[in-house]
Amino acid sequence: MSQSLERVKKEITALIPPTMFFFIALHLVVFVRVLMLKGSGITLETSTSVTIAALVLGKAVLIADLLPFINRFPDKPLVYNVIWKTTLYFLIAMLFHYVERLIDHWRDGGGFVGANEQLLAEIVWPHFWAIQIFLLVLILNYCIAREFVRAVGGGVVRRMFFGPLNPKRNP
């Protein structure tokens with residue numbers, strides 16, 4: 001296989017776990033939000049936008065993992081990196097959640113300042129914080145799993161979770 005095809009295969013393989021995680025997590029968040037606000041099902045448009053967001057977040061996590069400050073505590077117990085990454089990812093997710101609502105109000109007119117004032121006046125804070133708590137738990141679980149896989153190795157975790165791929169080779 002050529003070097004470029006091998007690189008593309010490696011990129012896609014690395015992209016699958018975070019993308020699948022965020023695909024499921026974001027659909028759960030949308031589902032909870034729809035149940036809290038409307039009590040109806042998820043539209044196809046929402047599902048499509050969430051799928052695109054999952055792809056973007058999956059790639060963003062891979063890019064973030066390359067940044068030197070993201071693995072700030074490589075020689076300490078895993079909990080240090082878990083808390084650090086959870087905090088960073090959660091703050092970014094909270095900002096995106098707020099900006100997403102802000103854009104909805106901005107489209108209605110009134111400019112940025114007017115949209116922000118309208119959003120702050122109309123936002124249902126218990127719903128906002130419920131979604132944030134839900135996201136925090138999901139992000140924490142992702143960071144725990146990611147750090148565990150990083151420390152132990154993907155192959156070992158796959159065998160632990162799914163069993164040996166070839167039972168004759170691994171008794």
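**View 1. How much of the protein is buried?** Of the 171 residues in this predicted model, 26% count as buried, where buried means under 20% relative accessible area, exposed over 50%, and partly exposed in between, using a 1.4 Å probe and protein chains only. The protein exposes about 11800 Å², an area from the Shrake-Rupley method with a 1.4 Å probe.

View 2. The protein has six helices and zero strands, and along the sequence they give the pattern α-α-α-α-α-α. Helices (H or I, at least four residues) and strands (E, at least two) are DSSP runs, numbered from the N terminus. The C-alpha trace spans about 65 × 35 × 35 Å along its principal axes. Its radius of gyration, taken over C-alpha atoms, is 19 Å, while a compact globule of 171 residues would have one near 16 Å; that globule rule is 2.2 Å times the number of residues to the power 0.38.

**View 3. Helix 5 meets helix 6.** Here helix 5 (residues 125-152) packs against helix 6 (residues 154-162) at an angle of about 110 degrees, with the axes 6 Å apart. Axes are lines fitted to C-alpha atoms, for helices over the stretch in contact, and angles run from 0 to 180 degrees between N-to-C directions. That makes the two helices roughly perpendicular, the term for angles of 65 to 115 degrees. Look for Phe-148, Val-149 and Val-152 on helix 5, which join Gly-154, Val-156, Val-157 and Met-160 of helix 6 in the contact; contact means heavy atoms within 4.5 Å. These residues divide into six nonpolar, one polar and no charged. Nonpolar covers Ala, Val, Leu, Ile, Met, Phe, Trp, Tyr, Cys and Pro, charged covers Asp, Glu, Lys and Arg, and the others, Gly among them, are polar.

**View 4. Gln-132, a buried residue of helix 5.** Gln-132 lies in helix 5 and is buried because its relative accessibility is 1%. Setting aside neighbours within four places in sequence, Gln-132 is in contact with Phe-90, Ala-93, Met-94 and His-97.

**View 5. Arg-150, partly exposed.** Arg-150 also belongs to helix 5, and its relative accessible area is 39%. Beyond its neighbours within four places in sequence, Arg-150 is in contact with Asn-71, Leu-78, Asn-81 and Lys-85. Arg-150 and Leu-78 are 72 residues apart in sequence and 9.7 Å apart in space, C-alpha to C-alpha.

**Notes for all views.** Residues are numbered from 1 along each chain as its sequence is written, and side-chain values use heavy atoms, leaving out hydrogens and water. In this predicted model, local features need pLDDT of at least 70 and side-chain atom pairs count only at pLDDT 80 or more, whereas totals for chains, interfaces and linings use all residues.

Technical notes. Parallel < 35°, antiparallel > 145°, perpendicular 65-115°, else oblique.
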